[in-house]
Amino acid sequence: MTDAKLNYAGPLPKALTYQGDTVAWWRRVPLGFLLVVVVPTVLAAIYYLLIASPRYVSEARFLVRAPDQRVPSSLGVALQGVGITSGQTDAFAVHEYITSRDGLRDLTRRYDVEEILAPPGTDVFSRYPRPGESRNFEGLHKAFQRFVTVGYDSTTGLSTLRVEAFRARDAQAMAETLLTGGEGLVNRLNERASSDSIDDARLAQTQARTRVSETQQQLTAFRNREEFIDPELSARESSEVIGGLRASVAQLRAERSQIAAEAPASPQLPAIDNRIAAYESQVAAERAKIAGTQGSLAPRVGTYEDLVAERELALGELEAATAALLAAEQEGRRQGLYLERVVSPSLPDDAVLPKRWLAVLTVFATMMLIYGVGWLIWAGVREHRQA
């Protein structure tokens, strides 16, 4: 009996003819990975390592504060977000000026900013104008904001100004000019803050001086008209004369009483009576000078006292206005802001920007993250379709 024999005429199974995968490794890399990660990273490496122009950075640190102002704490700065402000926020006005169009306009008065931001030999993506930027003042301002940054440290209360340029001396010159403009802004703020109160106090002082002058002129005219320097003094002198005369009359009456008691028929009595009558007549005349008649001193003294009272009141107002003016000036000086340079703009020795390898690694990491998120989304979509 013969054994059965099977003959297979078809192709050999793949498992029996397995050979190693001869496809190159780079062909096994997903196309999406190449497009999303590899290509942007290679382009970034080419730009940052071979094309990007070096930039120099000049730094300066300054402080804006009042003479009696303390540096706020970190909590104080944090509370600014809920409406609790600190005096140190006056520095933010300088920050806004430095990056504003006014700061750029002051800078262009001294330097050719367009030439500074676009020297020969710089790459098109760093210089001004780069692709998409207009060649006018608005475009220049946008480019200027790329090269100038200013920040605030709530711990130390210091502000830091960073100016980038393609030449070291250009960066230092721009930082110096911007700081000088910030000092001018602080001076203008001080002048504007104190001018109103000082002007009001000075106006009150001028009005008080005018009133003092008017009352003094009225008093002088009264003295010339009445021919009295001081009616009160004249009245006082007349009162003293009357007092002396009354004392003499009293003494004569006492003397007459004594003589009449000793010798009623004495020939001295008529003479004493005449003297008493003369003294009493003189007393009546002196009293008439002081009061009781139209030409007496009483109405003149009243008018004089009114004029003196007005003058004293005007002098008091002048003294108060002068004190208020001095106080306003002192308060303006005491509360005035000042910009103090802690670190002057530096002259950089080496170009610190761009950070080439860090930029390339940042692009690679970012693209890897985007690719990973995209792959996860695509895998979820495929799983959902298969389900």
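**Reading the model, feature by feature**

Q: Which helix gives the most to the nonpolar patch?
A: Helix H1 (residues 31–51) gives the most, with 10 residues. Please bear in mind throughout that this is a predicted model. The nonpolar surface patch amounts to about 1,100 Å². Among the residues that make the patch are Leu-31, Val-39, Ile-46 and Trp-357. Of these, Leu-31 is found in helix H1.

Q: Which residues make the contact of H4 with H6?
A: From H4 come Arg-101, Leu-104, Arg-105, Leu-107 and Thr-108. The partners from H6 are Phe-137, Glu-138, Leu-140, His-141 and Phe-144.

Q: How many salt bridges does a search of the whole structure find?
A: A salt bridge pairs a side-chain nitrogen of Lys or Arg with a carboxyl oxygen of Asp or Glu within 4 Å. The search of the whole structure finds 13 salt bridges. One of the salt bridges joins the side chains of Glu-59 and Arg-162, at 2.6 Å from N to O.

Q: Where in the chain are Glu-59 and Arg-162?
A: Glu-59 is in strand S1 (residues 56–65), whereas Arg-162 is in strand S3 (residues 159–165). The two residues are 103 residues apart, and the pair thus links distant parts of the chain.

Q: What is omega for the cis peptide bond that joins Tyr-128 and Pro-129?
A: For this cis bond, omega is about -5 degrees. Pro-129 is found in the loop between helix H5 (113–117) and H6. The peptide bond from Leu-353 to Pro-354 is also cis, with omega near -5 degrees.

Q: Where is Pro-354 found?
A: Pro-354 is found in the loop between strand S4 (338–343) and helix H11 (356–386).

Notes
Residues numbered from 1 in each chain as written. Predicted model: local features only at pLDDT ≥ 70, side-chain atom pairs only at ≥ 80, totals over all residues. Heavy atoms only, no water. Contact = heavy atoms within 4.5 Å. Helix = DSSP H or I, 4+ residues; strand = E, 2+ residues; numbered from the N terminus. Patch = residues over 30% accessible without salt bridge, like charges linked within 9 Å, V, L, I, M, F, W, Y side chains within 5 Å. Areas by Shrake-Rupley, 256 points an atom, 1.4 Å probe, with all protein chains shown as cover.
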